[in-house]
Amino acid sequence: MSGEQQVLERIERARRRQPRLRDEHITMAHGAGGKATRTLVEALFLDAFRNPLLAPLEDQAVFSVGGQRLALTTDAFVVSPLFFPGGCLGDLAVNGTVNDLAVGGARPLYLSAAFVLEEGFAVADLRRIADAMAAAARAAGVSIVTGDTKVVQRDKGDGCYVTTAGVGLVEHDVTLGAATVRPGDAVLVSGPIGDHGITILLARGDLDLAAELASDTAALWPLVAGLLDAVPGVRCLRDATRGGVATILNEVAAAAQVGVVVDEAAVPVRTEVRGACELLGLDPLYVACEGRLVTVVDAAAADAALAALAAHPLGRDAARIGTVEAGPAGLVLLRTRFGGTRIVDLLVGDPLPRIC
Amino acid sequence: MRFVDEFRDPARARAVAREIAALCAPGRQYKLMEVCGGHTHTIYKHGIEDYLPAAITLVHGPGCPVCVMPMGRVDDAIHIAAQPGVILACFGDMMRVPGSRGSFLDAKARGADIRMVYSPLDALKIARTHVDRRVVFMAIGFETTAPATALTVLRAAEEGLGNFSIFCNHVTILPAIKAILDSPDLRLDGFLGPGHVSTVIGCLPYGFIPRDFGKPLVVAGFEPLDVLHAVAMLLRQLAEGRCEVENQYGRAVPWEGNERAVAAITRVMELRPHFEWRGLGFIAHSALRVRGEFAAFDAERIFELPGVRVADPKACQCGEVLKGVLKPWECKVFGTACTPETPIGTCMVSSEGACAAYYNYGRFQRRRLLEPSPA
Amino acid sequence: MCLAIPGRVVALDTGTDLARVDVVGVTRTINVALLGPGAVAPGDWVLIHVGFAMAKIDEAEAQATLAALEAMGQLWDEEVEALRAPDPGG
């Protein structure tokens, strides 16, 4: 075995060890959905709450009550600016939780909503957010049935934070999970990636970039239901949020101990998203979406799955972006447009614009 | 994207790859150094090495302005950021670079107001809109970025902005290349020259490399085809027994450089007598500082800096990686104690550091796309 | 060192050193002082680094580079053709 190969194996062993949380303070990296988040979740929260329903660390927990399979999920919504092209905090708060239920194969039914408001926050803005939540809930077919409100002192919050929890019913006879993925499976995405993240980055105004872009925030249940109705071989579903498609593929590769190979030319990206990413030195694979489905399906079902996605307006630009292979286990590889190959790893924290 | 996509075309790549393979003399090994961190990043990001025969090794050089910054300077910057009323504006590249007590990101977590900008002009804008705060721009980069910083200082001077200054950490590329050439550790066959630095300094300054050291240099662009093309041009020189400076990046690099850009730099900045480079030690006339005339915009004069020389952690072998003596995976702590999440040295944290590039992009069993051609 | 992207000049801000550039639908105001007065006009392509135009992209040179790459490919194809051509003696 060559010296390089020995080092690579040593690294893989090191990566498989349980991560230790060495940070003494929370940094922005912990909220980005990448390695720092994962370490925090595994070394602190999983360590404290340990139980079999939590352990798979999927987007929701699915369990049986009285013979029915229910799904439960929660998400906290923090965004700046609160209002942006394509939506606002309220849309994210409803769609995000609806989508976490949907990707567990559950029809979303009821949401709760808890608000943490900063002293001085404009009531008119709160009304806009609430109205947006109501509209999103109607569109998603869910009701917001309970909630809570707290106020914190000025400068102790970013205007308004919302946490929603959701419960849904698993009606399809499916067992979804990243660990069920196997070599040969096809990786599909429901549309162009990175719209939300770049929209927010531009909307903040610090970078002085302008483009005709809007957040892709949307409720994905009808898309998911259509897919599950049409195709029996769905292994897992995820909605790409912070950390982007790359983070999901890494989670799948790690959970199933398979290799995931992505074809760069096949990944749908809007030209404006690509332009912004090239300018800033960002990779669209890591940029957040808020209404995009990533699904891994049995190879034999890939065509039917694509057709089912494309039949719905939200899946119009669905594409097959890659394939699951036996190895290298736990790694995501990208066959670049240029023809060479490289790894797509989890980032430590947020993707940061670079000049070098 | 025009002027980008054409230079990422895989069909043309295969053609150049065959040319490169055909130019390799049988039984000979080639070591080519790509000086610029931007090239290191491109090479790994597009998987360019898949197109090269095993006989060619690309060695990563010290052209990463973040990587060569000693820990003491990072500490100084954090010290500035911790002063009352200061907003430190910096490029994203700096956020995770480890100082002796944590990175900019950690300092931010402890309460420092550190903001990411895309351009030094954005830092100027912050200074205009926050008149009660002292805004310090962390200026990093080689000759490519120095003109932008210089013009920004001139603008600040024109506007009489009393609350704006820069912490100047600009470095120059030629002394670093000379340090590599003077080093006994390395046997290189040629250099890929830094394309964007060359838009400022032109191609003439590299003349000493073929003349005094007998090594060819090809100024290369940053798209993957540019890199392959430059490798082919170097191999052709070696095959034909030539040794000169060539310009592969003609669409952006004028042979004489950009005199306006050079004038901007010399108007506002001057060379420091010497400067410490991580891994390369003290190098004379290799870094820039603000001229006395613009002292009002020089953070080093405005703030009392600790100025402590901090030795790299014992385990850190960034120096050897930056000189191209060690490949990233040959560093003893690579990938185990030193990872992007827990970086020991700058090579692992900078977006164009050789270790970061290899760890994030290249850390797997590679297969070559083309067989070496028969002689 | 150093991320620089080609962009198309959309408009010049007369009287200032500023110009609006477009990179496939993303626009930003950049400073063109490094290229000199009158050096760029709308429709020109420039190389953008940290909000400054570093160079005007020479389209003829770009074509020349692509042509040189094309030629490499052709040379190879011709050699392969020559190898495959029937031996004139046989």
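This is a predicted model: local features need pLDDT of at least 70, side-chain atom pairs count only at pLDDT 80 or more; totals for chains, interfaces and linings use all residues.
Visitor: Where in chain C is the place of C:Val50?
Guide: C:Val50 is in the loop between strand S4 (45-49) and strand S5 (52-56) of chain C. Strands here are DSSP runs of E with at least two residues, helices are runs of H or I with at least four, and both are numbered from the N terminus.

Visitor: Why does C:Val50 count as buried?
Guide: A residue is buried if 20 or more other C-beta atoms, placed from the backbone, lie within 10 Å of its own, exposed if 12 or fewer do, and partly exposed in between. C:Val50 has 25 such neighbours inside 10 Å, so it counts as buried.

Visitor: What about C:Val24, buried or exposed?
Guide: C:Val24 has 20 C-beta neighbours inside 10 Å, so it counts as buried. Its loop runs between strand S2 (18-23) and strand S3 (26-31) of chain C. The phi of C:Val24 is near 35 degrees, positive although the residue is not glycine. C:Val50, also not a glycine, has a positive phi of about 40 degrees.

Visitor: What pattern does chain C follow along the sequence?
Guide: The pattern is β-β-β-β-β-α, made of five strands and one helix. Of the 90 residues in chain C, 41% count as buried.

Visitor: How confident is the predictor about chain C?
Guide: The mean pLDDT, a per-residue confidence from 0 to 100, is 88 for chain C, and 86% of its residues reach 70 or more. For the complex, the predictor gives an ipTM of 0.93 and a pTM of 0.92.

Visitor: Why is B:Trp255 called exposed?
Guide: B:Trp255 has 12 other C-beta atoms within 10 Å, so it falls on the exposed side of the rule. This tryptophan sits in the loop between strand S9 (245-247) and helix H11 (259-268) of chain B. Setting aside neighbours within four places in sequence, B:Trp255 is in contact (C-beta atoms, placed from the backbone, within 7 Å) with B:Gly202, B:Cys203 and B:Asn247.

Visitor: What makes a group of residues a nonpolar core?
Guide: Its members are buried Ala, Val, Leu, Ile, Met, Phe, Trp, Tyr and Cys residues joined through C-beta atoms within 7 Å. In general, nonpolar side chains in soluble globular proteins tend to be buried together. The largest core here has 271 residues, and A:Leu188, B:Leu88, B:Met138 and B:Leu228 touch the most other members. Helix H10 (residues 224-240) of chain B gives the largest share, 10 residues. Beyond four places in sequence, B:Met138 touches B:Ala77, B:Leu88, B:Ala89, B:Cys90, B:Met94 and B:Phe167.

Visitor: How many residues does the contact take from chain A and from chain B?
Guide: Chain A gives 39 residues and chain B gives 48. On the side of chain A that touches chain B, the largest share, seven residues, comes from H1(A).

Visitor: Which cis peptide bond includes A:Pro81?
Guide: The one joining A:Ser80 and A:Pro81, with omega about 5 degrees. Another cis peptide bond joins A:Gly327 and A:Pro328, where omega is about -5 degrees.

Notes:
Residues are numbered from 1 along each chain as its sequence is written. Chains are lettered from A and ligands numbered from 1 in the order in which they are written. Two residues are in contact if their C-beta atoms, placed from the backbone, lie within 7 Å.
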